[in-house]
Amino acid sequence: MTTALIADDEPHLARYLQEQLATLWPELKIVATARNGLEAAAGIEQHEPDIAFLDIRMPGLTGLEVAQGIEGRTRVVFVTAYDEFAVQAFDQAALDYLLKPVTAERLSRSVQRLREALEASPAAEPDARMATTLKQLLPAQATSPALRWIRASAGEVTHQVPIGEVVFFRADDKYTCVHTAAREHLIRTPITELAAQLDPNQFWQVHRSTLINLDFLESTRRDEGSRLWLRLRGYAHELPVSRAYVHLFKAM
């Protein structure tokens, strides 16, 4: 049975897409729906669906960021309101896309394309062109000076957190958690924006939702499944490293 996940922060659009797919592709099983990028990423990791219908603009993580973090064979269909240039880029990379509002006719063509792709190579890894295209579409690294402080508001108080005291950043729904050895703060700046403003020699992205401060890296560990874990000073738990970023630690 072919399985799919639908991610859209507008529930009525997710329901509409699910209803249309039930008519056009009765054999397709929707294993999960997600209201934001973090739920979508978690659902893909848990269910490993054959197809993920991803809205591009979602809280937490965008559809582009979710797609970039996929480690299995899940194929991606973007649901997008992007301009024609981006649509052309998706098409050239052999990724399907659906422009909002999604019409039954366009969805029917997408279903046919997906059926043919699954029948031709049901266990194939994602097309290598996907990674290249996503890198082109994701925001470019900023050229402005690296951040020195993080401003985090809590009620009427605004905390000035020196960058050097941050152990790691982690995306959490609509917020980003700023972890220091002393406490945790919440800010609204997305992980992608932070990554563009941080010193890449000090802060590494180790997961689609996590940036660590290398100054706090204490040790690494591989579990029985060969997954890499990090231990950071000032944090009691281990942090996982996505396979997409394991290569960063090979020289250590």
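User: What share of the contacts with a separation of 6 or more joins residues 24 or more positions apart?

Analyst: That share is 55%, where a contact means heavy atoms within 4.5 Å. Keep in mind that this is a predicted model: local features need pLDDT of at least 70 and side-chain atom pairs count only at pLDDT 80 or more, while totals for chains, interfaces and linings use all residues. Numbering runs from 1 along each chain as its sequence is written, and side-chain values use heavy atoms, leaving out hydrogens and water.

User: How many helices and strands does the chain have, and what makes a stretch one or the other?

Analyst: There are seven helices and 15 strands. Both are DSSP runs numbered from the N terminus: helices are H or I over at least four residues, strands are E over at least two.

User: How much of the chain is buried, and what does that word require?

Analyst: Of the 252 residues, 44% are buried. Buried stands for under 20% relative accessible area, exposed for over 50%, and partly exposed for anything in between, using a 1.4 Å probe and protein chains only.

User: What makes a set of residues a nonpolar core, and which residues have the most contacts inside the largest one?

Analyst: A nonpolar core takes buried Ala, Val, Leu, Ile, Met, Phe, Trp, Tyr and Cys residues joined through side-chain atoms within 4.5 Å. The largest has 34 residues, and Leu 54, Ile 150 and Phe 169 have the most contacts inside it. Helix α2 (residues 37-47) gives the most to this core, with four residues. Apart from it there's another core of 17 residues, including Leu 21 and Phe 53.

User: How do you know which strands pair, and in what order do the five strands of the open sheet run?

Analyst: Two strands pair if DSSP finds at least two bridges between them. The order is β2-β1-β3-β4-β5, with parallel pairing. β2 (29-34) and β5 (96-99) are the edges: each has a single partner strand, so one side of each lacks a neighbour in the sheet. On average, neighbouring strands are turned by 20° against each other, direction ignored. As for axes, they are lines fitted to C-alpha atoms, for helices over the stretch in contact, and angles between N-to-C directions run from 0 to 180 degrees.

User: How close is α1 to the expected span, and what makes that the reference?

Analyst: The expected span is 1.5 Å times one less than the number of residues. With 14 residues, α1 reaches 20 Å from its first C-alpha to its last, close to the 20 Å expected.

User: Why do the buried residues of α1 count as being on the same side?

Analyst: Ala 14, Leu 17 and Leu 21 are the buried ones in question. They cover an arc of only 65° around the axis, which means they lie on the same side of α1; the arc is that of the directions from the helix axis to the C-beta atoms. On the other side of α1, Arg 15, Glu 19 and Thr 23 are exposed. The buried residues of α1 pack against β1, β2, β3, β4, β5 and α5.

User: What makes β6 and β7 a pair?

Analyst: Strand β6 (residues 149-154) and strand β7 (residues 157-162) are linked by six bridges in the antiparallel sense. Trp 149 is partnered by Pro 162 in β7. The two strands form a hairpin with two residues between them, and Gly 155 in the turn has a positive phi of about 70°.
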